Amino acid sequence: MIKPRLLILTLALAAGISMTAQEPATLKDAYHGAFYVGVAINADQITGKDARGTKIVTEQFSSITPENALKWERVHPQPDTYDFSLPDQYVTLGEKHHMFIVGHTLVWHQQTPAWVFQDAQGKPISREALLKRLHDHIFTVVGRYKGRIQSWDVVNEALNDDGTLRNSKWKQILGDDYLIKAYQWAHEADPSAELNYNDYSLELPAKRQGAMKLIQKLQAAGIKVAVVGIQGHDSLDWPSLASEEETIDTLSKLGVKIAITELDIDVLPAVGANPTADISLHIKSNPKLNPYPNELPDAMQKQLARRYADLFGTFLKHRDVMSRVTLWGVTDADSWRNDWPVVGRTSYPLLWDRAGKPKPAYEAVIKASR
Ligand code: XIL
């Protein structure tokens, strides 16, 4: 008589199933069925010039976001000039590897050329003229990738930390309703694309309230905001897991899905009291602010790994409302955090190290999926 264990083993082997409890080998497999695991990619990863980086992207991730390639200043640098060479390669790469392709971003107060808001004499343009520019930009960019870019960050960072609407050039010239126009046109340009609102520090209660009001206002205007993106430029101790959970919970009650869109975790000394992702900060470095110029000590690696595991554990707990978790870069060498908010630091916020090796934090994220 065959013993039951042996029978199971024989059947499993016959079915080609390995009996050894193996860790899933990739992030996308580990979180398959829960949410997409995405990554922001730079020009060299889009073109394949950074072959090592591109390999990690295509093997490990199920979604991509262009770190800069689709921002207004890159894709539409002059009034009559669009440059789609890099975005075209970006979308082709995503399609080739069957990834969920994100567009970032259509309306932002940053990385948008000054000419957008000015006439030929450098004077502010009229509401009508700016509406036409915004309309044409959205129809040209979203229209080009209709049915190919699945998810658009339509408006990025429209809110102040106190929850009020940021007094950007968009708001100054177009008025508070500029968001409604942007979402309506994005929808018309590609009715099949999911439309996102993306911002940082939504874990701050006042800003979260502001985001809720904003989404409700858009919904009242008949707009379907599919996803709220929590950027996730985090640190070892901010946000707390409790406030992350509360943020996911309260925002998802609006009938939207939640994505973590730009996750990275800073282990370096903080500057300033409040969490932010304001890209205009350029603080001068000094040795105190840059404590690990050569390598990250083991104890810090462990803390980072634990923090990543805790956050992914929290996302997994809310998998019913989570659509995606995207890392803001591949290796530590790629990270914008080497130059922000302090210029010229050696930063360690991601899952692969400067040599392209997975860090303990990578293993911890894989483990957290089980
Ligand atoms: C950053 C990029 O990573 C940098 O390369 C660029 O110089 C500045 O922008 N919030 C966003 C992202 O929505 O687009 C920003 O990306 C980081 C903060």
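Which residues in H11 meet which residues in H12? The answer comes from a predicted model, in which local features need pLDDT of at least 70, side-chain atom pairs count only at pLDDT 80 or more, and totals for chains, interfaces and linings use all residues. Residues are numbered from 1 along each chain as its sequence is written, and side-chain values use heavy atoms, with hydrogens and water left out.

On the H11 side, Leu-241, Glu-244, Glu-245 and Ile-248 do the touching, and they meet Arg-307, Asp-310, Leu-311, Thr-314, Phe-315 and Lys-317 in H12. Contact here means heavy atoms within 4.5 Å. Helices (H or I, at least four residues) and strands (E, at least two) are DSSP runs, numbered from the N terminus. Sorted by class, the residues of this H11 and H12 contact come out as four nonpolar, one polar and five charged. For that sorting, Ala, Val, Leu, Ile, Met, Phe, Trp, Tyr, Cys and Pro count as nonpolar, Asp, Glu, Lys and Arg as charged, and the others, Gly among them, as polar.

Now for the geometry. Two packed helices are described by the angle between their axes and the distance between the axes. The axes are lines fitted to C-alpha atoms, for helices over the stretch in contact, and the angles run from 0 to 180 degrees between N-to-C directions. The axes of H11 and H12 (residues 298-317) come within 10 Å and cross at roughly 25°. H11 and H12 are therefore roughly parallel to each other; angles under 35 degrees count as roughly parallel, over 145 as roughly antiparallel, 65 to 115 as roughly perpendicular and the rest as oblique. Their crossing is right-handed, a label used if the near helix is turned clockwise from the far one by less than a right angle, with anticlockwise giving left-handed.

H11 (residues 241-252) also packs with H10 (residues 205-220), at an angle of about 15° and with the axes 11 Å apart. That makes H10 roughly parallel to H11, and the crossing of these two helices is right-handed. H10 brings Arg-208, Ala-211 and Met-212 to the contact, while H11 supplies Ser-243, Glu-246, Thr-247, Thr-250 and Leu-251. This contact splits into three nonpolar, three polar and two charged residues. In the loop between H10 and E6 sits Ala-221, which is partly exposed, with a relative accessible area of 33%. Buried means under 20% relative accessible area, exposed over 50%, and partly exposed in between (1.4 Å probe, protein chains only). Setting aside neighbours within four places in sequence, Ala-221 is in contact with Ile-180 and Gln-184.

The residues involved are Gln-301, Leu-304, Ala-305, Tyr-308, Ala-309, Phe-312 and Leu-316 of H12, plus Pro-360, Ala-361, Ala-364, Val-365 and Ala-368 of H13. By class, the H12 and H13 contact has 11 nonpolar, one polar and no charged residues.

Next come the strands, where two of them pair if DSSP finds at least two bridges between them. E2 and E3 run parallel and are joined by two bridges, with Phe-100 in E3 as the bridge partner of Ser-63. E3 then pairs with E4 in the parallel sense over four bridges, and Val-102 stands opposite Ser-151 in E4. E4 (residues 151-156) and E5 are also parallel, over five bridges, with Asp-153 opposite Asn-196 in E5. Four bridges join E5 to E6 (residues 227-230), again running parallel, and Gly-229 in E6 is the bridge partner of Asn-198.

E3 is mostly covered, with eight of its eight residues buried. Five of the six residues of E5 (residues 194-199) are buried, so E5 is largely enclosed by the rest of the structure. Gly-103, found in E3 (residues 100-107), is buried with a relative accessible area of 0%. Not counting residues up to four places away in sequence, Gly-103 touches Leu-70, Ile-149, Ser-151, Trp-152 and Asp-153. Gly-103 and Asp-153 are 50 residues apart in sequence and 6.1 Å apart in space, C-alpha to C-alpha.
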